[in-house]
Amino acid sequence: MSDTIFPVSSFAELRGRLARLPEASTASAAAARRRQDDLTKPPGSLGRLEELAVFMAGWQGNARPAIGRAQAVVFAGNHGICAQRVNPFPQEVTAQMVENFRAGGAAINQLCRASGAELSVVALDLDRPTGDFTQGPAMTEAEVLDAMARGAAALDPRADILLLGEMGIGNSTVAAALARASFGGDGWDWVGPGTGSDPDGIARKVEAIEAGVALHAGVLGDPLAVLAAFGGREQAAICGALLAARARRVPVILDGFICTASAAVLHPLGTGVLDHCLVGHASAEPGHRRLLSAIEKRALLDLGMRLGEGSGAAVALGVLRAALEAHNGMATFAEAGISGA
Ligand SMILES: O=C(O)c1ccc[n+]([C@@H]2O[C@H](COP(=O)([O-])O)[C@@H](O)[C@H]2O)c1
Ligand SMILES: Cc1cc2nc[nH]c2cc1C
């Protein structure tokens, strides 16, 4: 079992490392489950908060899990697919928003402060957009591995939980293409307004996705090659970061449609590679629900948000903290002298 996954020099080497990933402790999860059943409440009455405490216990290998340090990372990238006019906002907004994150003026800055997460921002070669996937592969194997390694390097080794987010004008089309290539259906199943595309803009997204799928038909079924064909650097970095977290048994909170689609590329590898990941919220981007069912995950929150940046993950962190406060702070029936059923 490897403690570190990156750097790797080829997809073949990465595939080998992904075949053996650390698992949650079933003993700690079982001990946390027993504690939940002893706490002064009808069994099961805290619903998913109970499941969250048990999940955290398993990954932390501790029946009394805690979140000391929460890290949020926003990865930013630019995309050649913008040449197909799939984005209402101009591409320079990606770099401008990175400046806004650094200055503390974005939604994610406020939501991280509210939930007690430390924010890092990683801008990935914004002046060098990836290739237009209707014309050729978006990235080479080396570019994917480089972005993954930069994602992995962003993980703070002291973090008890990692929240992932992204910023990249045009990446709602990239995410829809990744979902289409990974889980089938047609382009219409996965597209939506993103930052506000009108019906013509949405139709251009579908056209671009179907052209890409026709061009890259040979890679469907090969998750890492799908990431190279359609993905962006921030999508690859999200994969790298969540794998680095897995190597350290650090649980992850994914954000909305784009972040989930980035991670979901790895799901068909079939090795439980996303078992340590929660999904913070169900985005209003329509493809998110289909995507969640494809990867067999249920989002924690459903607030009609469709921002990205890790915003839904940051709000969900508050729910996770509440779950652990209840788990660790409540009295048992015996401690409180309360009669059982
Ligand atoms: O992740 C989501 O649920 C989500 C839904 C809609 C929009 N976004 C954000 O909007 C940007 C992509 O939208 P677009 O229209 O430029 O493709 C990108 O910066 C994402 O963070 C994100
Ligand atoms: C202003 C703006 C902020 C964003 N945050 C994430 N994606 C975004 C897209 C735009 C356009």
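## Backbone Geometry

Pro7 is found in the segment that precedes helix H1 (11-18). In this predicted model, the peptide bond that joins Phe6 to Pro7 is cis, with omega near 0°. Most peptide bonds are trans, and most residues other than glycine have a negative phi.

Glu296 has a positive phi of about 55°, and Glu309 has a positive phi of about 70°. Glu296 is located in the loop between H12 and H13. Because 8 C-beta neighbours lie inside 10 Å, against a limit of 12 or fewer, Glu296 counts as exposed.

## The Annotated Residue Glu309

The unreviewed UniProt entry carries an "active site" annotation that covers Glu309. Glu309 is placed in the loop between helix H12 (287-294) and helix H13 (311-329). Is Glu309 buried or exposed? Glu309 is buried, because 29 other C-beta atoms lie within 10 Å and the criterion is 20 or more.

When neighbours within four places in sequence are left aside, the contacts of Glu309 are Val74, Ala106, Ala107, Ile108, Gly165 and Met167.

## Surroundings of the Ligands

Ligand 1 has 25 residues around it, of which Ser172, Gly194, Gly256, Ser283 and Gly308 come nearest. Strand S3 (161-167), helix H7 (171-183) and helix H11 (257-264) each contribute at least two residues to this shell. By class, the shell around ligand 1 comprises eight nonpolar, 12 polar and five charged residues.

The residues that surround ligand 2 are Phe89, Val93, Met97, Met167, Thr195, Leu307, Gly308 and Glu309. This shell divides into five nonpolar, two polar and one charged residues.

## Helix H8

Helix H8 spans residues 199-215, 17 residues in number, and reaches 24 Å from its first C-alpha to its last, close to the 24 Å expected at 1.5 Å a residue. Its buried residues are Ile202, Lys205, Ala208, Ile209, Gly212 and Val213. Seen down the axis of H8, these residues fall within an arc of 130°, so they line one face of the helix. An α-helix has 3.6 residues a turn, so residues three or four places apart point the same way.

What covers the buried residues of H8? The cover includes H7 and helix H9 (223-230). On the face of H8 turned away from the buried side are the exposed residues Pro199, Asp200 and Ala214. Helix H7 also supplies at least two residues of the shell around ligand 1.

Key:
Residues numbered from 1 in each chain as written. Chains lettered and ligands numbered in written order. Predicted model: local features only at pLDDT ≥ 70, side-chain atom pairs only at ≥ 80, totals over all residues. Near = placed C-beta within 6 Å. Helix = DSSP H or I, 4+ residues; strand = E, 2+ residues; numbered from the N terminus. Nonpolar A, V, L, I, M, F, W, Y, C, P; charged D, E, K, R; others polar. UniProt positions renumbered as here; feature names shortened; annotations may be inferred. Contact = placed C-beta atoms within 7 Å. Expected span 1.5 Å × (residues − 1). Arc of directions from axis to C-beta.
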